[in-house]
Amino acid sequence: MKTLLQRNIRDRIMESLLVLSTIVVLLPLIIILVHVVVNGISALNWDFFTQELGSPSRALQGRPTGLVHTILGTLVVDFLALFLAVPIGFGAGIMLSEFPDHKLNPTLRVMNDTLNGMPAILKGLLAFVLIVKPMGTFSGLAGAVALAFVMIPIIARTTESALMSIPWSIREAGLAIGLPRWRVVLSTVMPAARFGLVTGTLIAFARAAGEAAPLLFTSFGNNYLPNHWLGMLLGPVDTLPQRLYSLAISPYSHWHSMGWAAAIVLLVFVIVCFGTARYLTRQKH
Amino acid sequence: MIRMKPALTAALIAILAVSCGGNGDSPGEQRRDRVDILGAGATFPAPLITAMADEYRDLTRNRVTVNYQSIGSGGGIRQFIEQTVMFGMSEAFLSDEVMNNVEQATGGRAFNMPITLADVVPTYNVPGVGSGLVFSGELLVEIFMGDITRWNHARISELNPDVDLPNLPLTVVHRSDGSGTTNVWTSYLSRVSDRWRERVGFATSVNWPTGIGGNGNEGVAGAVQNTTGAIGYNSFAYALLNNMSYGSVINAAGNIIEPSFEATTEAANIELPDDTRILFTNTPAEYGYPIAGFAWMLIYENLDANRAISNRREAKELINFLVWSITEGQELSELLGFARLPEAAVEKSIQMIRQLKWNGELIGQQVLDEQDLLSSVPRPENYL
Amino acid sequence: MTSDSDTSNNGNKEARELLRRPPSAIYRWLGDRIFAVVVVVLGMSIIALAAAMAYVLYDEGSLSLWQFGFWDFIRGTTWDPAVQLVFGALPFLFGTVVTSVAALLISFFPAIAVAIFTAEYAPRWLASIIDNLIQLIAAVPSVVIGIWGIFVLAPWMRDHVYMPIFTWAETSYPALLPILGNPMGYGMATATIVLSLMIVPYTTALTKDAIKSVPVEQREASRALGATKWEVIRMAVLPYARGGILAGAILSLGRAIGETMAVAMLIGNKNTLPFSIFGAGATMPSVIVNEFREAVESLHLSSLMAIGFTLFIIALVVNLAAAYMTRKFSIKGGQVV
């Protein structure tokens with residue numbers, strides 16, 4: 001039998017190990033963030049948010065150049081992707097957790113996880129075959145579909161897990177007072193699980209927001225704002241991760257710092273989305 | 001979460017409406033006049049093409065927008081075949097098979113028009129040694145085969161008698177991603193060595209006998225700069241603009257050629273076939289830099305057969321841009337780290353443009369005639 | 001937990017409403033029917049998507065699969081797009097399995113530790129900061145991590161970790177050298193470390209979800225028995241959260257298998273076996289992203305798609321195994337089905 005002292009020491013050791021692990025995980029992130037900010041901050045100026053990219057010669061000759069079209073394109077493509085992915089992901093998550101005896105559930109779970117393991121570039125290929133080929137042109141819509149493919153498996157899995165964590169007794173209470181099942185799920189279980197639902201959706205969104213590969217053959221990229229506002233959906237659109245990549249591999253140091261600045265903007269964008277979502281869900285108390 | 005979406009969507013639409021509305025300051029009539037030209041392909045020439053596009057957009061006062069995205073030579077060829085782009089771009093010319101397929105499918109040829117030149121230089125990181133180490137083709141083959149493993153090897157010092165080479169292990173770095181740069185580099189090694197041709201060959205990616213693979217120009221540059229004793233290869237523009245040490249190469253005529261735009265242009269100043277489908281690595285040109293090749297613009301002879309081009313006006317604007325890019329557009333080259341096309345290549349391209357058709361009508365010739373007319377008549381102000 | 005009281009309030013409101021005017025039977029029956037159909041259709045669309053993915057990859061890769069045969073393709077060790085035009089997937093298959101499993105093993109315990117720390121130990125403000133930072137890891141673009149890896153992490157690991165181990169092995173255990181491989185900094189080890197960082201958010205998020213859902217009574221019961229804080233977690237909380245932890249691990253593994261850009265930039269990209277710990281290697285996604293853009297030969301392109309198809313099969317097998325294990329080991333938390 002261990003003494004109380006031994007048990008308390010063990011308790012302390014475990015606590016320090018937990019703190020240490022957290023630091024070990026967060027340290028690289030902090031280093032990366034500092035690296036990104038140090039390299040990119042110099043390129044963040046008014047022009048960056050108001051001008052179109054044009055070409056490297058603009059940067060080399062000191063003419064104004066920026067990424068306004070990229071930032072807007074990212075907003076459109078990412079939110080449209082979220083809009084497409086959330087119903088499917090939530091639906092699948094509800095199916096897995098609220099209809100646990102459904103015959104297709106094991107298949108759905110395995111297929112979903114398999115889809116999650118496919119490299120994003122292949123999801124872009126799928127969107128190319130399903131959207132770009134029939135439409136005959138690259139488009140923001142196709143890019144959003146490709147990103148939705150990235151989000152869906154993550155949202156489905158996290159939704160299942162969040163709903164499962166709500167005690168079954170809550171559902172029984174709802175059913176007992178005569179509520180139909182769908183009302184129980186939509187107005188009792190889901191609000192109770194909203195913290196988990198939002199966390200899952202945010203991770204999926206964050207993951208998709210940083211992907212460049214699936215956009216290469218779908219939203220394609222653009223050096224300017226489209227001529228028409230529908231061009232954001234139906235024509236080639238620029239997005240931050242993809243632009244970041246092409247800026248980073250170019251030979252020009254101006255473009256390198258613009259690439260890092262694009263990374264800053266992308267991360268700030270994701271942080272703002274996190275904050276907004278958390279704020280909105282907290283308000284409901 | 002569920003409640004926030006309509007609000008966000010509304011905000012988004014508002015942002016869009018404002019930004020795009022603000023952009024379209026020109027009257028509606030003018031906007032309908034606008035033409036978007038879509039092209040895609042090789043990564044290496046992308047900075048030059050986008051710069052040309054930008055300049056051209058200014059020249060036409062925002063009327064013609066050329067959107068070029070670098071999706072790789074393979075991607076460029078495939079999108080060209082899929083007809084999702086108006087022109088493709090590639091650092092490898094179309095194979096006979098593809099040329100035949102296009103001819104069967106569209107009733108016209110596929111043209112490979114040289115648009116600029118790609119040049120590749122050996123880059124290295126040896127303490128105390130700057131740019132200018134001399135390499136021969138055979139020496140590079142031995143290094144990239146893994147036969148030479150130290151910098152003070154006799155084969156290196158015999159070409160560089162004045163350089164004090166350290167006794168340092170030599171690490172080979174190559175591109176891991178398929179790239180036109182690798183294509184040009186391995187094509188040169190294949191030309192100078194039968195052993196290389198039979199064992200490794202040349203392509204956009206090959207089965208490397210040794211070394212580590214860096215992803216992209218910056219991957220190779222990063223690995224070379226961070227590894228003492230590394231040797232790799234980069235596009236000349238990348239090496240020049242990122243202060244990497246690069247070597248000179250002995251060409252087929254036996255001259256030591258220091259990489260330069262002029263030497264690259266000179267390399268292509270040779271007898272060209274009419275379709276310009278030729279690799280001129282290890283060029284016979286006496287003062288040409290031996291590790292260089294064309295980047296080609298891919299275009300259908302029958303422009304109407306390309307589903308990406310929807311009307312005659314678009315076809316005409318596309319040709320206008322082509323003509324401009326191989327003539328006046330070349331002025332942008334040096335600023336961006338590119339070599340200019342030699343006269344011989346421009347002439348071949350003009351020949352091809354002459355044959356471009358829209359529903360059988362020779363609109364390429366028409367455009368050339370109009371431009372000649374323009375150049376003899378004084379142009380409207382702001383046009384050039 | 002706050003959410004519990006929240007929902008019971010909600011329930012009270014509903015109940016009051018119901019007492020006033022109970023919903024008609026048809027409304028309940030039809031509503032549930034529609035709900036079930038909509039949910040199942042949405043769920044099925046994921047299965048359809050996966051099937052479409054498999055079909056597209058098979059279709060595009062069939063040229064190569066027919067030429068080499070599926071088994072010979074995944075057993076083949078030569079990848080030569082230039083001279084022989086022979087394509088075999090074994091090196092990449094090996095690289096994918098080794099890096100993703102190793103990354104999962106490395107990240108598993110720290111990821112759970114972060115979840116426990118934020119859920120049980122950290123004050124609220126600190127927990128929410130850490131939560132957001134962890135999720136931010138998921139948002140850092142692969143390319144950014146890749147470039148940072150090339151210029152910062154890989155040289156640092158070479159000088160401070162790989163080289164010391166290598167020189168130690170050189171003098172003490174020369175037999176280890178071929179297993180360790182060339183300590184250039186760009187190789188399997190660096191790629192695995194970066195991967196393990198990138199998959200942390202998934203395990204952490206789902207674990208934390210599961211921990212938070214453990215009923216208060218459960219903790220109180222063990223507390224009352226005199227357990228220390230850690231003992232409560234160890235004996236009352238973690239067993240209960242097993243389902244969530246496993247789901248998180250599976251999600252992480254999926255991400256590790258599919259991660260492309262950062263791996264391609266750091267793994268050194270060597271297309272021939274044998275791989276070594278520090279030396280260069282390659283994975284299935286890395287070879288696809290490396291060569292897809294520039295593949296000109298149709299057999300080459302088809303082989304890359306065949307790699308994608310093989311990857312689909314591998315992911316399917318791994319997930320089937322994981323599903324089997326989940327069913328065997330997890331008690332469905334709190335579910336009375």
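Tutor: Let me begin with a definition: a residue is buried if 20 or more other C-beta atoms lie within 10 Å of its own, exposed if 12 or fewer, and partly exposed in between, with C-beta atoms placed from the backbone. This is a predicted model, in which local features need pLDDT of at least 70 and side-chain atom pairs count only at pLDDT 80 or more, while totals for chains, interfaces and linings use all residues. Residues are numbered from 1 along each chain as its sequence is written, and chains are lettered from A and ligands numbered from 1 in the order in which they are written.

Student: OK, so is C:M163 buried, exposed or partly exposed, and why?

Tutor: C:M163 counts as partly exposed because 14 other C-beta atoms lie within 10 Å. C:M163 belongs to helix α6 (residues 142-172) of chain C, where helices (H or I, at least four residues) and strands (E, at least two) are DSSP runs numbered from the N terminus.

Student: And what does C:M163 touch, not counting residues up to four places away?

Tutor: Under that condition C:M163 touches C:R158 and C:P183, where contact requires C-beta atoms, placed from the backbone, to lie within 7 Å. C:M163 and C:F278 are 115 residues apart in sequence, and their C-alpha atoms are 9.8 Å apart in space.

Student: Switching to the core: which residues touch the most other members of the largest one?

Tutor: Those are A:M151 and C:M53, in a largest nonpolar core of 318 residues; such a core is a set of buried Ala, Val, Leu, Ile, Met, Phe, Trp, Tyr and Cys residues joined through C-beta atoms within 7 Å. Helix α7 (residues 140-164) of chain A gives the largest share of this core, 17 residues. Leaving aside neighbours within four places in sequence, A:M151 is in contact with several residues, among them A:L82, A:A85 and A:F205.

Student: How do α4(A) and α7(A) pack?

Tutor: The axes of α4(A) and α7(A) are 6 Å apart, at an angle of about 35°; axes are lines fitted to C-alpha atoms, for helices over the stretch in contact, and angles run from 0 to 180 degrees between N-to-C directions. The residues of their contact divide into 23 nonpolar, 7 polar and 3 charged, where Ala, Val, Leu, Ile, Met, Phe, Trp, Tyr, Cys and Pro count as nonpolar, Asp, Glu, Lys and Arg as charged, and the others, Gly among them, as polar.

Student: Now the interfaces. How many residues does the contact take from chain C and from chain A?

Tutor: That contact takes 93 residues from chain C and 97 residues from chain A. On the side of chain C that touches chain A, the largest share, 20 residues, comes from helix α2 (residues 25-68) of chain C, and this side has 65 nonpolar, 22 polar and 6 charged residues.

Student: And between chains A and B?

Tutor: There the contact takes 40 residues from chain A and 39 residues from chain B. α4(A) provides the largest share of the side of chain A that touches chain B, 5 residues, and by class that side has 25 nonpolar, 13 polar and 2 charged residues.

Student: What does the secondary structure of chain B come to?

Tutor: Chain B has 16 helices and 12 strands, and 52% of its 384 residues count as buried. Among contacts in chain B between residues at least 6 apart in sequence, 72% join residues at least 24 apart.

Definitions and conventions: Contact = placed C-beta atoms within 7 Å.
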